[in-house]
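User: Could you walk me through a few features of this model, one question at a time?

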Amino acid sequence: MKKAHHKEQIEEEHWSKLLESVVINTTDGVLITDASFNPGPNIIYVNDALVRMSGYSRQELIGVEPSIFHGHDLLQEGLQKIEYALKHKLPCNLELVNYTKNGRPYDVSINICPVTDHTGTVTHWVSIQRDITENRNYIKEIEGKNKKLTDIAWMHSHQVRAPLSRIMSLVDLLKNHCSDMDQDVLHEYLSKSAAELDDVISNITNNAGKIGFAMNERRFYAFMDELPGLCWITDDQNVLRYANKCFFDTLHLPMDVVGRKLEEIFGQDIARNAHKNNHDVLQSGANKEFHQMLRDHNGHAQYYKTYKFPFQDAGGEGNLVGAVAFNVTKRVKLEEELYQSEAQFKQAFEHSLIGMALISPEGRWEKVNKSLCQILGYTEAEMKALTIQDITYPEDLKGSLAVLNDLAKGEIEEVKYEKRYVHKNGSAIWVVIAATMLYDSNGQPLHYVSQIEDITRRKEIENDLVLSEKKYRTIFENVQDVFYQTNQEGIVTEISPSIAQHSGYSRTEIIGMPVDHFYYYTQDRERIVEQLRISGAVIDFEVRLKTKDEELRYASVNARLIVENGVITGTEGSMRDVTTRKFHENALQALNTELTASNEQKNKLFSIIGHDLRNPISGSLQLLDMTLKDFESSSADEVHTYLSMMKTELSNANVLLEDLLTWAKSQFDAVSFNPVEIINLAGLVDKCIQTVSPMAVKKNIEIIPSLTGELFFHADIRMLETIIRNLLSNAVKFTNIGGLVMIRARGNDNGILFSVKDNGLGIPKDKIAELFNKNSNYTTYGTLGEKGTGLGLSLCYDFVAKHGGTLWAESEEGAGTTFYFTIPSEK
C-alpha cells in the first residue's frame with residue numbers, strides 16, 4: 001500500500017513538473033486567477049510570455065483584476081461573454097483587443113477554463129492568451145491589396161476585366177496558402193490568364209498607339225506592384241528582366257538591378273540554384289514549385305514558396321521565366337511547432353504512465369497506448385477490434401454512454417468520471433476517465449480523447465477504509481467507555497454516544513460545549529491540563545465530573561495531546577465512569593478506618609484488662625490470702641483494715657469495669673440516649689463529688705462546687721454523671737496534695753457551660769490536641785503515681801457530642817488545667 005502511494009506521488013510530481021514546464025515555456029500567455037466574483041477574480045499567476053506580451057511586470061499584475069489589460073475599452077462584446085462565463089462557471093473562447101502598459105492595442109485569442117476541486121467547486125480560472133495581431137494585420141494587408149487590385153481592374157475595359165479577375169482569384173488562392181491544390185492546374189490557369197491578358201494588352205496597344213500602350217503598361221506595373229508577393233521575370237541568360245515593388249522592398253535592392261545578372265545581385269550560389277530551376281522550367285515547359293530560404297537584412301531566416309512558369313517575350317520566344325514568391329516563414333514555423341507538438345503528443349501518448357486512447361464517436365478504439373493495454377490485458381490489435389461497449393462493465397454501460405453522448409452533442413466540453421471495465425481475464429477494473437471531444441472544422445465530432453487511470457487498488461483501499469470505518473464506528477457508538485476529542489480552546493469536537501448513559505447529556509448537546517462546563521470541581525480540570533502540558537499524556541487520571549442533573553460522577557481519564565506539524569491542535573482520549581468503584585473504595589476505606597480504630601480500641605481494652613483491672617483484683621486476692629492465713633493471730637482491727645483495703649481495691653475495679661462497659665457500648669453505639677429535664681443539678685454534682693471523695697480525702701484535696709444562674713436543661717443523667725465524675729477524677733488525680741478543684745455550672749442563652757478546674761500539674765501545650773484524638777492513646781501518671789486508662793476523656797468527648805455540645809481544655813504547665821463542656825438548651 002505504501003509503495004503504491006509512493007508511486008502515485010512520483011507520478012503526480014512528474015506530471016506537475018511537466019505541466020509546469022509547459023506553462024513556463026509556452027509562447028502563449030498563461031494567466032491564473034482565484035474564483036472570487038464581483039469584485040474579482042484576482043490574478044495569482046502569470047507566465048513570462050504574458051509579461052512580455054503585455055509590457056507589465058509580474059509584480060504589477062499579481063493581485064489585480066484582469067481588466068487591467070482592457071484599458072478604457074470596456075464595452076467590447078467579448079467582455080460580456082467573459083462575465084457570463086464567470087457567473088455561470090462555464091469555459092469560453094473569444095477574441096479581444098487588449099492594451100499593453102504603454103497603451104498599444106493588440107489582438108488576442110483567449111481560452112478561459114474553470115478549475116474545480118474534488119467536490120466540483122470552482123477554485124480557480126485559467127486563461128490562455130495568444131497574440132493574433134500580426135495575423136490580423138496580415139489579413140488586413142491582403143484585403144487592402146485585394147481592394148486596390150479590384151480598383152485597378154475596374155479601371156480597365158471589360159476586355160481586361162475577365163483575365164485580370166482570374167489572376168486576382170489566383171492571388172487569393174496563393175494568399176490563403178492553398179498548398180493542397182493541384183499546382184499544375186493552378187499554374188496552367190495562371191499562364192492562360194496571363195497570355196489572355198497579354199493579348200488584350202497587345203490589342204489595346206495596337207489600337208491605341210504608343211500613348212495607350214504606355215498607359216496600360218503603367219497600369220500593369222501598378223497592378224503587379226500591388227501584389228502581396230515577390231514577382232520577377234528572368235531570361236534564359238539569368239538576367240533579371242522585371243521585378244515588382246515587393247521584390248525590391250523585401251530584398252532591399254535598388255531598382256537599377258533590373259538588367260543585371262543574378263550572379264551580380266545575389267552571388268554565385270543563389271544564382272546557380274535559380275538558373276538550374278529556370279532551366280528545368282524552360283526545358284519542361286511546365287509550371288513548377290520551389291522552396292527556398294533567404295536571410296533578411298537582420299540575418300533572420302525567411303522561407304519562401306515560389307511558383308515559376310515559362311513566359312514568352314514580345315517576339316513570341318519562350319525564353320523567359322516568370323516567378324511569384326510568397327513569404328511562408330510563419331507557416332513554416334507553425335508547421336514546425338505543429339510537428340513538434342504532434343511529436344511531443346505522440347511521445348506523451350505512447351509513454352504515458354496512465355492509459356490514453358482516441359475513440360471514435362461510435363465507441364471504437366482508434367488508438368491506444370501501452371499503458372491502457374496493460375491495464376485491460378489486451379494487445380493493441382485486440383483493442384482496435386473492440387468498442388467501449390464490449391469491455392464496459394454491464395452495470396456501468398448506460399451511464400457511460402450517456403456521458404459520451406453529452407460530449408458528442410457538445411452539451412459538455414469535458415468530463416471526469418469513474419467506471420468499471422472488464423479485464424481480458426474477466427475481472428472488474430475500476431478506472432477514472434478524463435475525456436473530451438475533438439471536432440472538425442464543420443463542428444462534426446472526430447473522436448474522443450480519453451485519459452484512463454487504473455484506480456482498482458484505490459477502490460479496494462477505499463472499500464477497506466469504509467469497512468474499517470464502519471467497524472470502528474460500531475465500536476465507537478457501542479463501547480461503554482466514552483471517547484472524546486477537543487480543540488485547542490477546550491471545545492468538545494467529538495464524543496461517543498455512550499456519554500448519554502453516564503451524564504444524561506446527548507452527544508449533540510455536548511459537541512461544541514467547553515469541557516470546563518462538565519467538571520464538578522474546576523481544580524480537576526486545571527490539574528489534568530497541567531499534567532498534559534508537562535507529560536503530553538495522562539493515564540488513569542481521576543477527575544470529578546457532573547451530570548446534567550448536577551450529580552457527582554468519578555471518571556478515570558486516559559488522554560493525550562494531538563500534535564500536527566509540531567503544533568498542538570487539541571486533545572483526545574477516553575473516560576471510564578468509576579463512580580461505583582470509587583464509592584466502594586470509600587466504603588472499604590471507611591471500613592478499614594473503623595477496623596483500625598476497633599483494633600486499637602481492642603488493644604487498649606486488652607491493655608486495661610491485662611494491667612489496670614488485674615492489679616486491684618490481684619491486690620484484693622493477696623489481702624484476702626493474708627487475712628485467711630493470719631486470721632487466728634490477727635486482731636479485729638487488723639482484719640477490719642485488710643477488709644477495708646480489699647473493699648477499696650474492689651470498688652476501684654468495679655468503677656473501672658463500669659467505665660469499660662460504658663465505653664464499649666459507646667463504641668458500638670449501644671448506649672441508649674435518654675435526655676430528661678435536669679431539675680436537681682446540685683444533687684447530681686454532689687453525688688459525683690462523693691464518688692471521687694475517697695481519692696480527694698487521701699490527697700487532702702478540696703472540691704468546691706459553684707452553680708449560678710437558671711440551670712434548667714435536658715440531658716441524659718447517666719451520661720452527665722459519667723462526664724462530671726471522670727473530669728473530677730482526672731482533676732484530683734493530677735492535683736498535688738492539699739490542692740483545690742473547682743466545678744462550676746453557669747446558664748446562658750445557648751445552654752449550660754460546665755468547667756472543672758484544678759491547680760495541679762497542667763498539660764503541655766503540644767499534648768492538648770491529643771487529648772480528644774481517638775487514634776491517640778495519650779495518658780500519664782497522677783501526682784501519687786495513679787495510672788489512667790485513657791478512656792475517661794474519650795467517654796466524655798463522645799457523651800458531650802451526643803448532647804450536641806463541645807468539650808475543650810485550657811492548661812498551663814505548673815498552674816493547672818480547666819476542662820470546659822457545654823450542654824445546649826433545647827430550641
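**Cavity, loops and strands**

Analyst: By class (Ala, Val, Leu, Ile, Met, Phe, Trp, Tyr, Cys and Pro count as nonpolar, Asp, Glu, Lys and Arg as charged, and the others, Gly among them, as polar), the largest cavity is lined by 11 nonpolar, 4 polar and 1 charged residues. This is a predicted model, with pLDDT of at least 70 needed for local features and 80 or more for side-chain atom pairs, while totals for chains, interfaces and linings use all residues. Residues are numbered from 1 along each chain as its sequence is written, and side-chain values use heavy atoms, leaving out hydrogens and water.

User: Which helix gives the most to the lining of the largest cavity?

Analyst: Helices (H or I, at least four residues) and strands (E, at least two) are DSSP runs numbered from the N terminus. Among the elements supplying at least two lining residues are strand 6 (230-235) and helix 10 (268-284). With 4 residues, the one that gives the most is helix 10.

User: Where is Lys89, a residue other than glycine with a positive phi?

Analyst: Most residues other than glycine have a negative phi. Phi of Lys89 is near 55°. Its place is in the loop between helix 4 (77-88) and strand 3 (92-99).

User: Is Asn369 buried or exposed?

Analyst: Buried means under 20% relative accessible area, exposed over 50%, and partly exposed in between (1.4 Å probe, protein chains only). Asn369 sits in the loop between strand 12 (365-368) and helix 12 (370-376). A polar atom of its side chain lies 2.9 Å from the backbone oxygen of Phe349. With a relative accessible area of 1%, Asn369 is buried.

User: How many residues lie between strand 24 and strand 25 in their hairpin?

Analyst: Strand 24 (residues 740-748) pairs with strand 25 in the antiparallel sense over 8 bridges, and Met742 stands opposite Lys757 in strand 25. In the hairpin that the two strands form, the number of residues between them is 2.

Terms used
Polar contact = N/O pair within 3.5 Å; in protein donor to acceptor, adjacent residues only side chain to side chain. Pairing = 2+ DSSP bridges.
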